[in-house]
Amino acid sequence: MQSESGLGLGAPARDQRYDILFEPVRIGPVTAKNRFYQVPHCNGGGYRDPSAAAEMRRVKSEGGWGVIFTEQVEIHHSSEITPFIELRIWDEDDMPGLTKMADAIHSNGALAGIELAYSGANGPNLYTREVPLAPSHTPILTFTSDPVQARAMDREDIRNLRHWHKLAYRRAKRAGYDILCLYGAHGFGVIQHFLSPRTNQRTDEYGGSLENRSRLLKELISDARDEVGDTCAIAVRLSLDELAGEQGFSNAQLRDMVAMHADLPDLWDFAHGTWEACSGTSRFKPEGAQEDLIRGLKQLTPRPVVGVGRFTSADMMVRQVKQGLMDFIGAARPSIADPFLPKKINEGRIEDIRECIGCNICVTGDMTMSLSRCTQNSSFMEEWRKGWHPERIKAKASENKVLVVGAGPAGLSAAHKAGLRGYEVALAEAGTELGGRVTREAKLPGLNAWARVRDYRQGQIQKMTNVNVYRDSALTADDILGFGFEHVAIATGATWRRDGIARYNLLPFSIDPAMAVFTPDDLMAGKRPQGHVVVYDDDHYYMASVLAELLVANGNTVTFLTPSTKVAEWSVNTLEQGAIQARLLNLGVNVRVTRGLAEVKAGGVTCICTYTGREENFACDAVVMVTARLPEDQLFLDLKARSEEWADHGIASVKVIGDANAPAAIAWATYAGHRYAEELEEPDRGDALPFRREVAGLKD
């Protein structure tokens with residue numbers, strides 16, 4: 001085994017090119033210390049996990065952000081978006097959690113912003129059972145197509161709506177927030193519903209002309225100034241374009257409205273019209289994707305402007321400001337991937353930034369009503385629950401040495417974090433390249449940004465004199481027993497199954513050896529089928545659609561079969577399902593949904609309709625199975641079988657982590673590696689939970 005290591009370097013001073021990013025900017029009566037503006041973003045915690053959410057924001061304050069916002073905060077019980085878990089400011093019971101978050105944001109000098117939301121046509125009220133209210137009679141427009149309609153507001157309802165906002169303003173001010181933002185973007189805010197001709201068919205003074213449709217916004221901002229005076233800034237978050245043509249609130253109408261009400265708020269916050277368009281994955285949206293839509297808006301108003309674009313490059317940020325596109329660099333996902341992004345730019349540590357890869361795993365936490373994750377930052381939402389910090393980790397517990405076998409995302413994360421703790425670490429990789437599945441998948445269409453998972457960790461490891469990397473080092477149990485490492489982590493990954501077993505087929509079925517059958521591993525290794533290819537997707541995430549795209553580029557005719565009702569079904573949670581299915585259809589892929597694979601024959605496949613059971617045959621020259629994966633855990637099993645020998649060879653622990661333990665998304669692997677290092681040599685917890693949680697209190 002040949003070692004490679006690097007030397008740690010001191011932190012240089014900030015590059016003068018980035019000075020403009022650290023200029024203070026005034027927002028009405030308050031001043032942000034710099035231009036780094038964490039726009040509102042959900043986290044899957046909301047009212048259920050207020051301490052976890054507050055500590056997550058506190059860490060961002062420590063990381064140097066000038067403005068830090070909550071997620072959307074529901075202002076009144078007559079409009080809520082159950083099952084999604086957001087914050088609430090309904091009554092006094094919500095105040096302790098909101099106050100704790102504001103205090104956490106203030107802890108390092110950031111301004112605390114609160115996004116006040118009345119969801120209107122997006123609030124089904126499944127929890128409160130109140131009748132939803134919207135500008136006009138309309139179905140509730142949710143991800144889950146709830147069978148609920150909203151009642152058109154009359155003038156009394158609008159007066160009540162203004163009153164409910166006033167209550168929210170008072171509470172937000174009392175909780176300590178510096179910026180009150182009215183949410184009217186992504187289709188989630190009643191303000192957007194009033195502005196849009198699609199959802200506002202009123203014939204009174206609140207409907208018709210753009211001036212009338214913006215009347216409610218004017219009134220709500222006027223009411224806010226009356227309630228909070230000159231103590232809080234008032235911002236509004238609006239859609240850049242509703243993407244509905246002339247029927248919707250277009251970019252042209254937005255420009256007219258901003259020009260009409262140039263001085264209305266203290267800050268304009270612009271985001272794309274739908275959440276999917278605004279927060280698209282890197283596969284479909286490059287950095288700064290909204291630039292054309294926001295260009296020129298700042299010139300229509302004397303107020304500061306903030307926009308977003310998954311900004312990870314400091315040079316790109318500087319250009320946004322210098323070209324007059326925006327005053328603040330808005331960020332949600334980049335602030336999750338690296339809460340210390342501003343501080344690292346300020347200290348000249350650009351190479352230490354954990355750049356967002358645009359995978360949208362963070363979004364899945366909100367979409368699945370669970371705590372959010374981040375592929376790059378495994379400490380996200382674990383800051384309070386587990387005490388993890390994105391930049392600091394406790395010192396090693398002993399002088400014991402650590403061997404990590406496998407340099408995929410789990411192994412790289414384990415070696416990196418164990419090295420930060422001060423352990424002497426050897427990272428053994430059987431191949432010549434580091435990164436494992438990340439390196440292979442990053443070469444597929446649209447996934448090149450995913451290489452950042454490898455590049456960040458490899459770059460950090462190269463600075464550590466206590467972490468040595470050994471390539472071309474396939475190890476056996478005998479090798480490991482002979483090395484003398486006290487702790488061993490097995491991170492040998494997983495391979496895709498060739499037998500078709502996954503969710504639809506839990507047992508083997510007939511596969512004729514005369515048919516050429518490929519797996520994702522085959523295609524990533526450079527093998528290519530010929531002719532007409534059936535891609536069978538029983539994985540339901542991104543892989544099958546990416547491979548179908550690869551095959552089309554290879555010149556193949558492609559038929560895409562899946563037991564699901566849609567292509568890449570789980571990617572609804574990453575906001576890209578619609579883009580994926582559109583991409584395949586536009587490429588000419590023959591998409592057939594609700595088709596479960598029953599048999600692979602010499603000249604084709606037989607599928608079964610998952611609803612009717614009817615059989616259907618598809619002729620093809622090859623089949624690509626994108627089904628389940630099997631952990632590559634034989635090395636771990638070999639070591640476990642010889643556990644009675646561990647003590648004689650000085651081994652205190654052997655653990656299997658990441659895909660070698662249980663295959664999952666890359667974020668699960670980086671988390672597993674991080675967790676391994678954090679918990680290394682910790683005392684046995686027994687029956688105690690491995691995290692803190694908050695439990696709702698009982699009332700009489």
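These legends go with several close-up views of the structure above. The model is predicted, so local features need pLDDT of at least 70 and side-chain atom pairs count only at pLDDT 80 or more, while totals for chains, interfaces and linings use all residues. Residues are numbered from 1 along each chain as its sequence is written, and side-chain values use heavy atoms, with hydrogens and water left out.

**View 1. The largest nonpolar core has 75 residues.** A nonpolar core is a set of buried Ala, Val, Leu, Ile, Met, Phe, Trp, Tyr and Cys residues joined through side-chain atoms within 4.5 Å. Buried means under 20% relative accessible area, exposed means over 50%, and partly exposed lies in between (1.4 Å probe, protein chains only). Among the residues with the most contacts inside this core are Leu21, Tyr177, Leu180 and Phe270. Helix α3 (residues 155–175) gives the most to this core, with 7 residues; helices (H or I, at least four residues) and strands (E, at least two) are DSSP runs, numbered from the N terminus. A second, separate core of 38 residues includes Ile361 and Tyr541.

**View 2. Here is Leu180 with some of its partners, including Ile114, Tyr169 and Val228.** Contact means heavy atoms within 4.5 Å. Leaving aside neighbours within four places in sequence, Leu180 is also in contact with Cys232, Ala233, Ile234 and Ala235, among others.

**View 3. Ile191 sits in helix α4 (residues 190–195).** Ile191 is buried, at a relative accessible area of 4%. Not counting residues up to four places away in sequence, Ile191 touches Leu182, Tyr183, Gly184, Leu217, Leu220 and Leu238.

**View 4. Arg225 and Asp266 join their side chains in a salt bridge (3.2 Å, N to O).** A salt bridge is a side-chain nitrogen of Lys or Arg within 4 Å of a carboxyl oxygen of Asp or Glu. Arg225 belongs to helix α6 (residues 215–228) and Asp266 to the loop between α7 (251–260) and β12 (267–271), so the pair ties together parts that are 41 residues apart in sequence. Arg225 is partly exposed at 29%, whereas Asp266 is buried at 6%.

**View 5. Arg592 and Glu616 form a salt bridge (3.0 Å, N to O).** This pair links distant parts of the chain, with Arg592 in strand β23 (residues 590–592) and Glu616 in strand β26 (residues 615–619), 24 residues apart. Arg592 is partly exposed, with 24% relative accessible area, and Glu616 is partly exposed, with 23%.

**View 6. A network of salt bridges links Glu347, Arg349, Glu351, Asp352 and Lys463.** The count of salt bridges comes to 56.
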